[in-house]
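Reader: I have a structure to read and some questions about it. Can we go through them one by one?

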Amino acid sequence: MSASRAFEDEFVNFGVVDERTVERFRCDGFVTFPRSIFRDTKSALDAAHSAIDMVVRGENDTGRAATKLPRPQHRQGVPSTIHGINVRNACTFLDKIATSPVVGRLIAKLLHWPSVRLAEDQLWVKPPQATALTFHRDSTYFDFTPQEVCTLWITFDACLDTTLGPLEYCVGSHLWGDKRRGSAKHFFGDDNKALLMDAFSQQFPDDKAGSPIIVPVLAEAGGCAIHNGRTWHGSGPNRHLTSSRRGFGVHYIRGDAVFREPLGHLWAPYKQPGSLVVPDHLLPIIFRETREGPLGAKTDNAVEDHGILASHIHSSTSISSHVPT
Ligand SMILES: O=C(O)CCC(=O)C(=O)O
């Protein structure tokens with residue numbers, strides 16, 4: 001295994017990511033890593049589960065709070081998905097994942113980006129019997145130029161079938177146009193494919209019999225998937241009676257992206273007066289290609305790890321969810 005092709009360090013190990021994987025990502029709009037990406041899966045899962053319990057209790061180990069605290073709630077007697085934003089601010093372990101330079105290098109390879117910037121993370125805990133999550137595109141919610149987004153989604157519970165409601169992708173949907181009717185006002189509910197079906201019929205108006213191809217991310221605990229921000233995705237209900245499904249999504253943008261006005265409420269708090277430049281100390285670059293060689297030819301020393309800076313978003317910053325609750 002050549003060092004230039006293995007995406008690994010002492011924390012994570014994605015294995016060899018070759019040109020076929022890059023091609024699959026280009027065609028399908030996502031790629032799945034069904035095995036745990038953690039070197040020490042047991043300690044990583046223990047750490048992740050404790051971290052999630054901690055942030056759901058409203059606590060932190062950093063002295064800072066999540067932008068949106070993940071709070072258990074019910075709708076009409078049914079438990080809803082617990083959703084937090086920028087929980088890495090509150091949690092050292094989740095911050096370590098979100099700022100992993102290996103993740104950055106992998107995303108740079110998949111997207112052909114010269115550098116990768118961490119934009120936001122989201123925690124998705126689906127309690128037993130929680131409802132589905134509406135299919136959507138991430139890129140719609142990111143006010144940057146270029147408007148490219150890439151998301152890493154990790155499951156901290158084994159999803160070897162669809163019982164727990166794993167993430168699902170619509171194959172090739174990143175290549176569809178932008179037409180659709182309606183907006184994802186109601187993110188949590190059982191009819192989670194209405195927007196997707198509308199986008200599909202706008203994309204293929206003459207295809208009366210066809211339907212989108214949807215595939216679940218089936219992975220062991222610690223496995224993950226990476227998707228293009230234009231790929232339609234969502235997830236089904238958790239049909240299990242006792243087990244939760246805990247997922248962590250991290251959204252990345254190009255390191256050279258700048259703010260695109262008008263800025264929505266999500267991003268306006270990060271903007272400095274009179275400048276469209278994205279501040280590195282708030283949204284850190286986690287990987288940058290160097291001049292010394294082609295992307296991936298250098299490993300650790302080609303990587304700029306700004307993990308510490310990732311936590312510099314002040315807990316008082318109020319950024320609402322892109323997911324209405
Ligand atoms: O975990 C889920 O069900 C949704 C995740 C998601 O939409 C995302 O990470 O972009």
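Author: Start with Gln122. Leaving aside neighbours within four places in sequence, Gln122 is in contact (C-beta atoms, placed from the backbone, within 7 Å) with His83, Gly84, Ile85 and Gly249. This is a predicted model: local features need pLDDT of at least 70, side-chain atom pairs count only at pLDDT 80 or more, and totals for chains, interfaces and linings use all residues. Residues are numbered from 1 along each chain as its sequence is written.

Reader: Is Gln122 buried or exposed?

Author: Count the C-beta atoms around it. A residue is buried if 20 or more other C-beta atoms, placed from the backbone, lie within 10 Å of its own, exposed if 12 or fewer, and partly exposed in between. Gln122 has 24 within 10 Å, so Gln122 is buried.

Reader: In which strand is Gln122 found?

Author: Helices (H or I, at least four residues) and strands (E, at least two) are DSSP runs, numbered from the N terminus. By that numbering, Gln122 is found in strand β7.

Reader: How far apart in space are Gln122 and Val250, C-alpha to C-alpha?

Author: In sequence, Gln122 and Val250 are 128 residues apart. In space, their C-alpha atoms are separated by 6.3 Å.

Reader: Which elements give two or more residues to the shell around the ligand?

Author: Take the residues first. Around the ligand (C-beta atom, placed from the backbone, within 6 Å of it) are Gln122, Trp124, Leu133, Asp138, Thr151, Trp153, Leu167, His233, Ser235, Gly247 and Gly249. The elements that give two or more of these are β7 (115-126), β10 (149-155), β14 (233-235) and β15 (245-254).

Reader: How many charged residues does that shell have?

Author: Sort by class. Ala, Val, Leu, Ile, Met, Phe, Trp, Tyr, Cys and Pro count as nonpolar, Asp, Glu, Lys and Arg as charged, and the others, Gly among them, as polar. The shell has four nonpolar residues and six polar ones, and the charged count is one.

Reader: How many residues of strand β13 are buried?

Author: Look at both faces of β13. Cys224, Ile226 and Asn228 on one side are buried, and so are Ala225 and His227 on the other. For β13 (residues 224-228), the buried count is five of five.

Reader: In β13, what is the bridge partner of Thr32?

Author: Two strands pair if DSSP finds at least two bridges between them. Strand β3 (residues 30-33) and β13 pair in the antiparallel sense, over four bridges. β10 and β13 also run antiparallel, joined by five bridges. The β13 partner of Thr32 is Ala225.

Reader: Gln76 and Asn86 both have a positive phi. Which of them is exposed?

Author: Most residues other than glycine have a negative phi. Phi is about 50° in Gln76, and near 50° in Asn86. Asn86 is buried, with 26 other C-beta atoms within 10 Å. With 6 C-beta neighbours inside 10 Å, the exposed one is Gln76.

Reader: Which residue does a cis peptide bond join to Thr145?

Author: Most peptide bonds are trans. This one is cis, with omega about -5°. Thr145 is joined to Pro146.

Notes:
Two residues are in contact if their C-beta atoms, placed from the backbone, lie within 7 Å.
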